[in-house]
Amino acid sequence: MKLADLPPKLCWEMEGPFPETGFESNGLTNAPDFVSGIDCRPAGHFHDYAYTIGGDETDRELADYAFFRNLRACGLPRWLTGIEFRRVRLWGIRHFRYDDPPRGLARLMLYVRCFFGRYLRW
């Protein structure tokens with residue numbers, strides 16, 4: 001799917017780096033693109049582009065939080081957005097293009113931080 005295949009009004013409401021014209025993505029990876037009749041493809045497209053750009057863990061966290069806000073902008077209910085956000089925080093680590101990928105114990109600690117991060121901030 002390319003940017004031209006997405007609803008233009010929704011694309012202008014998305015946060016994060018604006019995808020190049022030729023960039024292709026699969027929408028929401030391992031999840032339906034339409035949830036309860038709501039088109040979530042723009043959020044997935046922008047998120048995939050941010051993951052393609054890559055960076056460090058801070059860049060990934062920024063991309064994931066922008067994904068959360070983009071899903072809300074698409075009209076997805078907060079509880080479903082929360083589920084998608086947790087899913088991408090936990091399992092998106094293997095799709096992100098890290099400048100210096102974490103290995104061993106550092107990778108395990110990233111998973112722990114992603115899973116319990118919400119509770120550790122309180």
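Helices (H or I, at least four residues) and strands (E, at least two) are DSSP runs, numbered from the N terminus. By this definition, the chain contains five helices and two strands. Read from the N terminus, its elements follow the order α-β-β-α-α-α-α. The structure is a predicted model, in which local features need pLDDT of at least 70 and side-chain atom pairs count only at pLDDT 80 or more, while totals for chains, interfaces and linings use all residues. Residues are numbered from 1 along each chain as its sequence is written, and side-chain values use heavy atoms, with hydrogens and water left out.

The overall form of the chain may be considered next. Two residues are in contact when they have heavy atoms within 4.5 Å. Among contacts between residues at least 6 apart in sequence, 66% join residues at least 24 apart.

Accessible areas come from the Shrake-Rupley method with a 1.4 Å probe, and for residues only the protein chains shown count as cover. The chain exposes about 7200 Å², of which carbon and sulfur atoms supply 59%. A residue is called buried under 20% relative accessible area, exposed over 50%, and partly exposed in between (1.4 Å probe, protein chains only). Buried residues account for 45% of the 122 residues. As to charge, Lys and Arg count as positive and Asp and Glu as negative, whereas His and the chain ends are not counted. The place of a charge is taken as NZ of Lys, CZ of Arg, CG of Asp or CD of Glu. There are 17 positive and 16 negative side chains, and the centres of the two sets lie 7 Å apart.

With neighbours within four places in sequence set aside, Cys74 is in contact with Leu10, Met14, Ile38, Asp39, Cys40 and Ala43. Leu71 belongs to helix H3 and is buried, with a relative accessible area of 0%. Leaving aside neighbours within four places in sequence, Leu71 contacts Cys40, Ala43, Leu76, Thr81 and Glu84. His47, in helix H2, is likewise buried, at a relative accessible area of 7%. Beyond its neighbours within four places in sequence, His47 is in contact with Ala63, Asp64, Phe67 and Val88.

Other residues lie at the surface. Ser36 sits in the loop between strand E1 (34–35) and strand E2 (38–39). Ser36 counts as exposed, at 69% relative accessibility, and its phi is near 55°, a positive value in a residue other than glycine. Arg78, in helix H4, also counts as exposed, at 57% relative accessibility. When neighbours within four places in sequence are left aside, Arg78 is in contact with Phe68 and Arg72.

Asp99 is found in the loop between H4 and helix H5 (105–120), and Asp99 is exposed, with a relative accessible area of 65%. Asp99 and Gly54 are 45 residues apart in sequence, and their C-alpha atoms are 7.0 Å apart. Asp59, in helix H3, counts as partly exposed at 33% relative accessibility. By contrast, Leu71 and Leu108 are 37 residues apart along the chain, and their C-alpha atoms are separated by 28 Å.
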